[in-house]
Structures are given as structure tokens and as C-alpha cells.
Amino acid sequence: MNRIWKKYRFLILRRISQIAILVLYIGGNYWGWKILQGNLSSSSLFGKVPLADPYAVLQIFSTGAIVAADAIIGAVIVTLFYALIGGRAFCSYVCPVNMVTDLANYLRRKWKLDKIEKKWWASRNIRYWVMGLSFILSFLLGTAAFELVSPISITHRGIIFGMGFGWAAILAIFLFDLFILKNGWCGHVCPLGGFYSLVGRYNLFRVRHNQPNCTLCMKCKEVCPEKEVLYMIGKKSQIVDMGECTLCGRCVEVCDDDALHFSIRDFVKKGE
Amino acid sequence: MDQKRRTFLVTMAQNMAIAATGGLLWAAYVDEAKAAPLTLRPPGARKEDEFMSLCIKCGLCVEACPYDTLILAKPGDHKPLGTPYFVPRDVPCYMCEDIPCVPPCPTGALDIDSVTKKEGDKRVFDITLMRMGVAIVDIKDCIAYWGIQCDACYRACPLLDKAIYMELRRNERTGKHAKLLPVVDPDYCTGCGLCEHACVTEIAAIKVLPRDVALGKVGSHYVKGWQGSDESRLKGSKGIQTTVTPRSKKSPVESLNEGIDFE
């Protein structure tokens with residue numbers, strides 16, 4: 001039991017966090033709970049504090065519309081939270097799609113698909129292209145372009161307000177991640193993930209690598225959904241400084257050699 | 001060196017082509033998906049194109065609605081995804097006086113100013129100001145127009161005798177009865193859909209449609225001369241303007257003789 005906790009503590013915490021947030025939203029819709037109302041696009045915390053998806057608000061800005069104060073304040077609050085503390089934690093602790101892609105990734109490892117499957121190569125920068133495109137299309141079409149296709153919103157809204165054919169979007173992402181591209185959606189395509197990678201680039205909490213302890217077993221790189229951020233493994237003691245790190249903590253818990261742990265960013269550059 | 005530049009240019013061209021292909025597909029989908037002209041929006045909603053740019057699809061209006069009138073569009077509803085709408089035949093808008101659905105809107109896609117009026121020095125809610133749509137009567141399938149006595153829609157209307165009034169007409173078929181015909185006045189109709197909900201026919205003979213779908217527009221060159229307020233639009237006008245050219249100075253008759261040599 002203790003071992004399970006040690007090996008999966010962040011995973012368990014993340015699932016609790018993701019599900020708790022969903023339950024609060026569902027309660028907000030069906031039972032009138034005043035804790036979290038709305039959905040991840042925009043919500044009202046305790047019926048007072050506005051929260052808004054800053055990426056969605058930026059898309060609305062690109063359409064040229066004048067957004068009311070609540071959404072702007074909400075977007076600023078969320079941006080500040082992730083910029084200072086959260087980093088890209090939205091992806092691993094809040095987003096419901098994470099559970100779908102994690103499952104796909106788990107099955108990939110379990111069934112050893114990486115060894116058999118035809119390898120596709122795709123740049124992890126696609127998400128930034130998609131993000132740029134979404135602003136251009138929002139401007140040209142006069143509506144928040146990603147919000148009309150976003151599988152994140154479809155999933156999240158589906159769970160809270162009724163799914164309709166939304167399951168098809170979830171299935172598509174699952175199959176894409178399972179059979180087409182490893183970490184395909186969250187790690188390559190999703191512009192919201194890209195957005196939070198940029199926002200959370202300089203946040204406080206970071207994973208730190210302690211090189212002398214490392215035995216180069218590479219378990220961390222195997223579970224990491226953004227393994228390019230672990231470029232320093234076995235090479236240098238430092239923080240994982242790339243914004244793409246979702247702070248999911250999988251690398252910390254799989255490491256048997258105590259070579260990875262959560263830490264706080266170095267504010268002063270230490271002399272070599 | 002030249003090879004390197006070639007590779008760079010080709011790679012860039014490939015990336016741009018992928019982005020353009022994806023962008024065009026995406027744009028084509030979004031452009032079609034956002035066009036749903038028959039969608040009835042919540043109270044206070046701005047014009048459809050403004051509404052579509054502003055709505056963040058959060059569902060706060062839907063959650064605020066005490067009658068579950070408002071629905072958030074799901075995939076398969078054939079409405080712009082995630083935007084709120086309602087179907088009056090299923091659940092109409094009951095026109096709450098405290099309008100719970102409009103203030104929660106975080107982006108201003110639902111405009112509070114459009115459903116409030118000034119009273120003294122503060123603004124108060126007035127739900128009768130909203131214009132979600134307008135009711136249209138199908139006079140061939142409305143049984144009141146057949147001469148059968150029915151005033152279900154008239155009785156259901158929250159703005160009775162204003163938004164729907166009954167017009168008296170002689171029943172020519174029997175020659176001795178009257179018909180009482182429901183008539184909608186778009187100046188008062190809010191588009192709440194209580195009439196459509198109440199209609200007794202199998203498919204409602206009175207239906208709410210979005211105002212820009214159902215209503216026409218006269219154009220500014222028609223002036224109601226019998227109405228002081230409309231007549232005042234002519235103020236400052238220079239009267240009937242005639243364009244004078246060297247040709248128009250001559251009498252039209254003269255043109256008959258033009259180009260003819262009488263010698």
C-alpha cells in the first residue's frame with residue numbers, strides 16, 4: 001500500500017483534482033452548488049470571483065469584439081495563477097482530456113505498441129502553429145475559432161451539460177493517441193497546452209534533477225508525456241526549465257534513485 | 001551552401017502548406033458550423049454575428065435559467081457548438097422579472113443594457129424589452145382562421161392584447177358568425193414562445209422565429225407622412241433634388257429633332 005502511494009502519489013492527486021473539479025462543475029449545473037459554476041471556458045467561483053480561459057478570451061479579442069470586464073478579470077486571474085504558481089499544471093491537474101490521453105498512453109506502454117507501430121514523426125511545435133492559426137481564423141471568421149472545435153470544451157461541456165455526439169471527439173483523440181501518434185493530442189497538437197506552456201514558462205514550482213543520483217534507467221523519459229523537457233537527465237543537475245513540462249510529477253514518482261523531485265526555481269544564478 | 005538554402009526554403013514551403021491546408025479545412029468547418037440562422041438566443045443576446053464573436057460558451061446563462069429553457073448546444077444539435085439556445089415548443093421562456101440569465105454572462109454576449117430601463121436614477125430590469133424573436137402565425141393551419149373558436153396563444157401571451165391581439169372578422173362561409181383571429185404585433189412581441197408552446201395544433205401554427213429572419217425592412221426612403229415623428233426625418237432635407245446637365249436644360253421635345261438636317 002505504501003509502495004503504491006509512493007509510486008503513484010501525484011497520479012492519485014491529479015485524478016482526485018481532475019475529478020473533484022468536474023464534480024464541482026456538475027454540482028453547479030444540476031444541484032445549484034455555488035462553488036464552481038459554468039465550465040472551463042468561463043466560470044464563477046463561489047458565485048463571486050470570475051474565472052475565464054485566457055486563451056478563449058484572446059480569441060474573442062482577435063474577433064474584434066469588445067469583451068465585458070468579468071471575462072477580462074477572470075482571464076487575468078487565471079493567467080496570473082498559472083504564470084506565478086501553476087505553470088502548465090492545467091493540463092495535468094484540471095483538463096479532463098488528460099484522463100483520456102493518459103489512458104491511451106498507458107495502454108501504449110502496456111501493449112508495447114511503440115515497438116510495433118509504424119513511427120510517425122511530428123513536431124511538438126505544431127501546437128504553436130495551431131495557436132497562431134486560431135487567432136488568424138478568429139479574426140477572419142468573427143468567432144473564437146478553436147472554441148468551436150475544441151475537444152477539451154466538447155468533453156468538459158459534455159460531462160457537465162450533456163454529451164450528445166461529443167463522445168466521438170473523445171474517441172477520436174483516444175485512437176489518435178493510441179495508434180497514430182504517441183502523446184499526439186496533448187503533446188503535439190493542442191493549442192491550449194501550447195498556450196499554458198508559454199504562460200507558465202517562468203512559474204515558481206519546478207521539477208529538479210539531481211544528476212549524481214541518476215542511474216540512467218530512463219524510466220522518467222518513458223512515462224513523461226513531454227519527454228523533450230527531460231533533456232538534462234544524467235547530464236546536469238538543474239531544474240526542468242521548459243514550459244512544456246506539465247508538472248504532472250510522473251517522473252518524480254517513477255524514479256527509484258531519488259534523482260528527481262519537486263522544487264522551487266532558482267532566482268539567483270549560482271556561480272559555476 | 002546553396003543546397004542548405006534550398007532545403008530551408010522547401011521545408012518552410014512544406015510547413016506553410018500544411019498550415020494553410022489545415023487552416024482552410026478548419027475555417028471551412030467553422031464558417032459552416034457557426035451559421036445557424038434559425039437559432040433562438042437567450043434574452044438580451046446581441047445580434048447573431050456579435051453574439052457569435054462574444055459568447056465564450058460557459059453555460060452560466062443555462063445554469064441560471066430556473067425553467068431549464070436554455071440549452072447549451074451539444075454535438076448533434078446542429079447548432080453552433082456550446083452556444084445557448086432554446087426551443088419554445090419544448091420549453092418557452094417564462095420571462096422572469098428578475099432576469100437571472102443575463103447578468104451572469106461574463107463576456108457581454110448577453111447585453112444587460114438591452115433589458116433594463118432607466119427609472120429615476122437607477123436602471124431596473126424590464127424583460128418586456130427583450131427581442132429574442134417574433135411570433136409568426138401560419139394562417140392556413142391556425143384553426144381560429146378556419147372560424148373555430150380558439151384563443152390559446154392569445155391567452156398564453158404575457159403581453160396579452162399588445163403582442164397578440166384578436167381581430168374581429170366576419171365569417172363569410174357561414175355568413176352569420178364572427179372569426180376572432182390572433183394577430184402578432186412585432187413592436188411588442190418578445191419572442192418568448194409561450195404562444196408556440198400553447199398552440200393546440202399538432203405542429204404549432206404560431207411559431208417564434210429570429211427577428212432578422214422573420215421581419216422585413218422598408219428602407220429609409222419611405223416616410224410615413226401621416227406620422228409626425230417619422231415626418232421629422234425630412235427636416236434639413238433640401239427637398240426634391242434634380243440633377244441639371246446641359247442636355248436636361250433643353251426640352252425633351254427638342255431631342256426628337258436632334259441630328260436631323262432640314263435643309
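Two residues are taken to be in contact if their C-beta atoms, placed from the backbone, lie within 7 Å. In this predicted model, the contact between chain A and chain B takes 44 residues from chain A and 34 residues from chain B. On the side of chain A that touches chain B, helix 8 (residues 151–161) gives the most, with six residues. Sorted by class, that side of chain A has 23 nonpolar, 18 polar and three charged residues.

Ten of its eleven residues are buried, and the helix is mostly covered. Just after helix 8 of chain A comes Gly162(A), which takes a positive phi of about 115°.

Gly82(B) sits in the loop between strand 1 (71–72) and strand 2 (84–85) of chain B. Is this glycine buried or exposed? Gly82(B) counts as buried because 28 other C-beta atoms lie within 10 Å, where the cut-off for a buried residue is 20 or more. Between Gly82(B) and Ile71(B) there is a C-alpha to C-alpha distance of 9.0 Å, at a separation of eleven residues in sequence.

Cys195(B), not counting residues up to four places away in sequence, touches Ala135(B), Cys153(B), Ala156(B), Cys157(B), Ile164(B) and Ile206(B).

Chain A itself is divided into domain 1 (2–199) and domain 2 (205–264). The C-alpha centres of these two domains of chain A lie 23 Å apart. Their contact takes 20 residues from domain 1 of chain A and 15 residues from domain 2 of chain A. On the domain 1 side, helix 1 (2–30), helix 4 (89–94), helix 10 (184–189) and helix 11 (191–199) of chain A each supply at least two residues. Helix 1 of chain A gives the most to that side, with seven residues. By class, the side of domain 1 of chain A that touches domain 2 of chain A has eight nonpolar, six polar and six charged residues.

Definitions and conventions. Residues are numbered from 1 along each chain as its sequence is written. Chains are lettered from A and ligands numbered from 1 in the order in which they are written. This is a predicted model: local features need pLDDT of at least 70, side-chain atom pairs count only at pLDDT 80 or more; totals for chains, interfaces and linings use all residues. Helices (H or I, at least four residues) and strands (E, at least two) are DSSP runs, numbered from the N terminus. Ala, Val, Leu, Ile, Met, Phe, Trp, Tyr, Cys and Pro count as nonpolar, Asp, Glu, Lys and Arg as charged, and the others, Gly among them, as polar. Domain bounds come from an automatic or database domain assignment. A residue is buried if 20 or more other C-beta atoms lie within 10 Å of its own, exposed if 12 or fewer, and partly exposed in between; C-beta atoms are placed from the backbone.
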